[in-house]
Amino acid sequence: MNLPLIIRAEEHSEKIAIATTDGSFTYRDLLHTSSQIATNLLQNTEDLQEKRVAFLIPPGFEYVATQWGIWRAGGIAVPLCVSHPRPELEYVITNSGASIIVAHPDFEGILRSLPPQASLAEEHNLRFILTSETLPSNIARLPEVDITRRALILYTSGTTGKPKGVVTTHQNIQAQVTSLNTAWEWTSNDRILHILPLHHIHGIINVLTCALWAGAECHLLSKFDAETVWRRLGDGNLTLFMAVPTIYVKLITAWENASKERQKIMSEGCAKMRLMVSGSAALPVQVLEKWQTISGHFLLERYGMTEIGMALSNPLHGERLAGYVGKPLPEVEVRLVDENGLVSAGTPGEIQVKGPGVFLEYWQNPEATAKAFQDGWFCTGDTAVIENGSYRILGRMSVDIIKTGGYKVSALEIEEVLRSHPDIQECAVVGVADIEWGERVCAALVLQGSQPLTLESFRSWAKERLAVYKVPTQILIVEELPRNAMGKVIKPTVVELFK
Ligand code: AMP
């Protein structure tokens, strides 16, 4: 039996699946190219047997065909982030134990760094495939992949240093996708504009896979650009849009800077859509209100996480509450727990989640996996309260988790990198509240030696080692860090220093 996602695609074969600036591709194209890619990956073997295949491809048809090719060959897809510097890419490749890398030629350089640095592929004994290579014309017999097998590893930051690989099976993904397809009433007539990163759950599951499961059209932009997005929204032929609050803030700014005439076209385009969604970070009520005046849409806010898919959502029909994330989605069980056990409505507690969409494990980390569950419930580390029958997110339980522009980053991971700077003796990284970014990454630094440190030189040093969204936007040079009696840095006090 083929994977259900493939069987469903066969039912829509003449419909457009992916539209990009390079052209439109039907479900038939996607099925054909992904079977060629699967054949190439298999190289005369019968089944990749959950080998990890890392891929670094910009958003577009090749990305999607490669992801499906990996699945159809029985492999585990490990998407790499196009904006990550070499050390972060290397971490994911090494940690996942990838044995094949598929790369777009634009990224050949970074993955095969020039001598004297040995190439990543050689260092890790990897098979290296470029997307520009000719694909085989004879399609191999593809393996039967059971839905209980592992499908995807996405890297996500936690409170303990380095990111962890979140493993989901085909069954988990299917549950996450069908829950959203049902709740938000996806159909094959939908057309969604995709502007989100493709190494994160929001872009991969909520937008791309939900669209393809429904037989809908997914219009992929190669990168986010407010003007281009507004042009597409203004065309008025899309039905759905999903983004993080930071993107809505950028779109509001672009709308405000447009002429009255343009503003009218932009707003009318939005009014023709059936649903606009926000998530991955708290949506400030003032952003929601502003967007409503611009677009006529009361944004549907939802809450979810890489490990669980989406858990809570405001309703598609019926009243949506500003500042609330609604109720549990279909097939998802949610409870709130504090140190005394289950809490009643009106009392804050940790969000815990159970259901078929909850991930299988942290990759090769049974200890972290066991710690993340309590009696079979996944502990999210977020607190919420139920008011008027709707959940309101109160925040994260750890100050060391920062959400910036929809990305979850670990303060500890950044601190670890900063401490390797020759002029930095000690540091404390914190998230400082910001209307556009949700939180901004800021760093208080204690220097060693007599070298002065400028923000510019510090940031360019950090950019070579950290993804751009993890590079602190502001630094403060301090004599010493505030500590409690136990010697632990008092992060709320550090946050205050930046205000
Ligand atoms: P990620 O796994 O990167 O999607 O990050 C998941 C985290 O994002 C959650 O644990 C929350 O802390 C945060 N998050 C997601 N959606 C929302 C929301 N609607 N409001 C507030 N925080 C959110």
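Reply: Glu439 counts as buried because its relative accessibility is 17%, where buried means under 20% relative accessible area, exposed over 50% and partly exposed in between (1.4 Å probe, protein chains only). The model is predicted: local features need pLDDT of at least 70 and side-chain atom pairs pLDDT 80 or more, while totals for chains, interfaces and linings use all residues. Residues are numbered from 1 along each chain as its sequence is written, and side-chain values use heavy atoms, without hydrogens and water.

Glu439 belongs to strand β26, residues 438-447 (strands are DSSP runs of E, at least two residues, numbered from the N terminus). A polar atom of the Glu439 side chain is 2.9 Å from the backbone nitrogen of Lys403. Leaving out residues up to four places away in sequence, Glu439 touches, among others, Arg396, Ile401, Ile402 and Gly431 (contact means heavy atoms within 4.5 Å).

Now the ligand. It is surrounded by 17 residues, the closest being His200, Glu301, Arg302, Thr306 and Asp382 (a residue is near a molecule if one of its heavy atoms lies within 4 Å of it). Strand β13 (300-305) and strand β22 (390-396) each supply at least two shell residues, and β13 gives the most, with five.

A polar side-chain atom of Thr306 is 2.6 Å from a ligand oxygen, and one of Glu301 is 2.9 Å from a ligand nitrogen. The protein covers 97% of the 500 Å² of accessible area that the ligand has on its own (Shrake-Rupley method, 1.4 Å probe).

How values were computed:
Polar contact = N/O pair within 3.5 Å; in protein donor to acceptor, adjacent residues only side chain to side chain. Helix = DSSP H or I, 4+ residues; strand = E, 2+ residues; numbered from the N terminus.
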